[in-house]
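Hi everyone. I have a few minutes, so let's take a look at one structure together. Here it comes.

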Number of protein chains: 2
Amino acid sequence: MAQIPRGTRDFLPDEMQKRTYLREVFEKVFCSFGYREVQTPTFEQLELFTAKSGEGIIDELYDFVDKGDRKLALRPELTAPVMRMYVDSLQMEPKPLKLFYFGNCFRYDRPQKGRYREFWQLGCELIGTESECAIAELIALAYSSLKAAGLKKIELNIGDLKIIKALFRRLGLSDEQVKYVMPLLDKECFDDVRTYLLEQDFSESEVGVVVEALQSSDMKMLKEFLIKDDEAIAELEFVESVLKILKDDFAVEEFSVRMSIVRGLDYYSGVVFEIHAPVLGAEKQICGGGMYELVSLFGGRETPTSGFAIGFDRSLLALESEGFEFPISGLDVYVIPVGAEMISPCISLVHSLRLKGLCVDFDMMNRGVGKALKYANTKNAKKVLILGPRELEEGVVTMRNMADGAQSSVPLDAVYSSLS
Amino acid sequence: MAQIPRGTRDFLPDEMQKRTYLREVFEKVFCSFGYREVQTPTFEQLELFTAKSGEGIIDELYDFVDKGDRKLALRPELTAPVMRMYVDSLQMEPKPLKLFYFGNCFRYDRPQKGRYREFWQLGCELIGTESECAIAELIALAYSSLKAAGLKKIELNIGDLKIIKALFRRLGLSDEQVKYVMPLLDKECFDDVRTYLLEQDFSESEVGVVVEALQSSDMKMLKEFLIKDDEAIAELEFVESVLKILKDDFAVEEFSVRMSIVRGLDYYSGVVFEIHAPVLGAEKQICGGGMYELVSLFGGRETPTSGFAIGFDRSLLALESEGFEFPISGLDVYVIPVGAEMISPCISLVHSLRLKGLCVDFDMMNRGVGKALKYANTKNAKKVLILGPRELEEGVVTMRNMADGAQSSVPLDAVYSSLS
């Protein structure tokens with residue numbers, strides 16, 4: 001019979017419960033920061049993604065032609081769709097606009113640990129402001145939500161594309177040369193950057209300074225390197241303000257400045273950041289974001305935008321790898337009728353407890369107390385209620401505490417109050 | 001620029017909030033009945049859906065060939081994927097197994113009011129029991145969840161495919177004739193059923209009896225029609241038990257017996273049911289389900305299965321059409337710094353309130369109290385806190401109640417307690 005498609009997953013109840021826990025934590029933090037959820041279609045016109053990322057992205061997409069000859073693609077990420085939606089429907093909204101999303105994305109990629117063909121992302125987009133405190137808050141939000149989820153060790157790295165560009169400007173790199181260097185920088189292959197730049201006949205001293213600056217986390221040193229570049233100095237001061245607010249006001253203590261953070265150079269601009277979960281080893285990036293420009297590309301009126309995306313599957317994997325104990329919820333109550341005649345009064349009891357908001361189930365198969373107790377155990381029932389003819393006559397029910405096996409007799413009209 | 005694909009929708013924050021409200025109500029009720037959530041991939045092998053519904057379904061599917069030449073399709077419904085998952089991974093689980101899902105489905109269909117190319121379904125599957133109380137509970141769950149969502153007027157109709165088949169058996173209809181009659185029955189075109197059967201040379205009196213029985217809601221009358229058919233009588237008694245439990249124990253008072261409920265004849269068998277929201281007019285069905293057989297078709301060991309699916313978009317439309325007042329949640333607090341120097345202490349205040357679980361935002365654009373108050377209003381802020389240099393010096397903040405405009409001075413360390 002039909003197999004599950006390669007690179008995709010089923011989520012069984014226990015796994016799904018973990019995912020729901022994590023999604024709800026993230027959403028709660030996003031809401032507490034004033035973000036509101038939006039949702040876009042699972043597929044978009046193919047040209048939306050090629051406009052953002054170039055034709056090369058088609059190789060990684062699930063693209064197809066629909067029965068009306070439209071070129072469509074399952075979304076590989078959610079920033080482009082959310083920006084398309086913003087341009088279509090939200091340009092007139094009061095600014096700043098804070099939007100978050102949780103959704104599945106698709107990439108035709110070689111499946112491997114932590115990489116799937118259908119995967120989930122959540123993220124936030126901040127539209128209409130690029131003040132220091134806005135950018136600091138955005139970074140604080142990404143960091144806080146991952147901490148709130150329960151991750152013990154995460155690393156926040158902050159960079160700035162305008163500063164990287166200023167360093168390249170100082171050297172006089174062509175656009176083509178920048179394109180070659182960026183992927184090397186992204187992988188922190190500084191030696192390869194140096195070798196390449198020397199091959200391109202830049203002076204050894206200048207290359208030395210720039211490569212040193214690219215590796216520097218020291219804002220003062222960066223300022224010295226760029227002292228003659230007013231634009232770069234202004235940007236460095238902007239970054240300093242952001243970092244100060246992040247640390248002093250949002251209480252984010254741990255972060256590093258890294259000029260090797262590149263992201264998508266085509267549309268990112270200014271402050272960028274990444275968060276890693278070292279427990280994941282090589283595939284440790286769980287969040288990336290920054291300031292970007294996409295609105296005008298999609299036909300909207302220019303407005304500052306920034307945002308981040310969190311890899312949901314990798315965040316979950318990181319929690320599991322750190323040994324996080326996910327809250328387990330089972331049945332509050334399982335009710336066992338002793339004999340077919342007891343089914344009807346049991347259902348009435350079940351019905352009344354459910355109306356009070358409890359998770360309740362009962363033995364619908366009339367299979368005897370022993371087997372039913374075993375079943376209740378597999379469902380993590382906290383309490384079991386056993387109702388036989390004698391109990392019914394006396395107006396009581398036997399209540400069994402599944403943690404220690406203790407049993408007691410409880411009046412039928414006092415069951416709910418005895419449960420808490 | 002790229003338009004949103006035809007027949008799909010963006011969900012803006014207000015709409016999304018309604019959807020989240022409705023999803024959470026459904027999920028809460030499903031959980032209270034002991035159901036646990038599962039999730040399957042957005043696309044499956046095409047053959048999964050043709051195995052269930054025949055090659056004809058391809059015309060309505062988003063089917064495509066992936067870069068590895070696999071024939072895939074975006075799921076048009078979720079019962080087949082969930083059953084595929086059950087066969088793959090859950091056959092050894094203790095029975096009964098109660099699973100629910102919430103997911104998007106896709107149909108290449110002519111878009112119209114309430115019908116979209118991407119739409120959402122939620123539903124429950126009950127695996128491993130077909131006792132009277134289990135089937136009654138399933139129907140009660142569908143009904144209760146729609147009532148819990150806030151729908152005022154819904155109609156529950158219950159039928160039985162075994163009884164319809166017994167009536168056709170009594171008449172001696174061939175499979176081909178049954179196939180012709182079923183769609184007419186589904187549309188309650190009883191006159192057309194009669195005309196067709198008479199054309200097929202069945203006796204006028206027999207056709208009269210069968211067509212009357214098909215229109216009957218009276219279990220006693222149905223029993224009389226089928227008195228010589230032991231299998232049908234047993235099924236009628238089963239239905240009677242289900243209805244009794246539904247009414248007496250699950251307190252579902254309002255329902256009708258309708259033998260015109262057909263559903264997918266290929267895999268449904270026994271009790272079937274539908275729930276309508278009359279406020280929706282012609283497209284009023286919002287839920288359908290019953291007992292079905294798919295496990296062995298998908299290569300699993302035979303076990304009883306039943307379930308239902310709720311049309312999420314139509315349920316929402318029905319609520320809106322009934323004038324349901326969805327809960328509106330805005331910001332708990334909006335904080336306005338008076339002047340750039342106040343931003344830092346404001347963020348500290350915002351940060352502390354967020355840590356307590358409140359939804360809080362602040363003016364990140366330093367645009368003056370008047371404009372910031374207007375913005376707070378568009379975000380449905382309940383309270384606004386205004387912090388200027390004088391207030392900071394005195395260790396207080398001005399608290400404005402946005403409902404009535406009342407303002408008071410509150411000590412900074414008593415803000416949280418003053419909010420509730």
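First, a term we need: a crossing of two helices is right-handed if the near helix is turned clockwise from the far one by less than a right angle, and left-handed if it is turned anticlockwise. Keep that in mind.

What you see is a predicted model. How confident is the predictor in chain A? The mean pLDDT of chain A is 94. In that chain, 100% of residues reach 70 or more. For the complex, the predictor gives an ipTM of 0.95 and a pTM of 0.95.

Now to a helix pair. Two packed helices are described by the angle between their axes and the distance between the axes. Take helix 4 of chain B, residues 132-149, and helix 10 of chain B, residues 230-248. Their axes come within 8 Å. They cross at roughly 55°. Helix 4 of chain B is therefore oblique to helix 10 of chain B. Which hand does the crossing have? The crossing of these two helices is right-handed.

Who makes the contact? Helix 4 of chain B brings B:E132, B:C133, B:I135, B:A136, B:I139 and B:A140. Helix 10 of chain B brings B:F238, B:S241, B:V242, B:I245 and B:L246. By class, that contact has 9 nonpolar, 1 polar and 1 charged residues.

Last, the two chains. Their contact takes 74 residues from chain B and 74 residues from chain A. On the chain B side, helix 12, residues 343-355, gives the largest share, 6 residues. That side of chain B has 38 nonpolar, 19 polar and 17 charged residues.

Thanks, that's my tour.

Terms used. Residues are numbered from 1 along each chain as its sequence is written. Chains are lettered from A and ligands numbered from 1 in the order in which they are written. This is a predicted model: local features need pLDDT of at least 70, side-chain atom pairs count only at pLDDT 80 or more; totals for chains, interfaces and linings use all residues. Axes are lines fitted to C-alpha atoms, for helices over the stretch in contact, and angles run from 0 to 180 degrees between N-to-C directions. Helices (H or I, at least four residues) and strands (E, at least two) are DSSP runs, numbered from the N terminus. Angles under 35 degrees count as roughly parallel, over 145 as roughly antiparallel, 65 to 115 as roughly perpendicular and the rest as oblique. Two residues are in contact if their C-beta atoms, placed from the backbone, lie within 7 Å. Ala, Val, Leu, Ile, Met, Phe, Trp, Tyr, Cys and Pro count as nonpolar, Asp, Glu, Lys and Arg as charged, and the others, Gly among them, as polar. pLDDT is the predictor's confidence in each residue, from 0 to 100.
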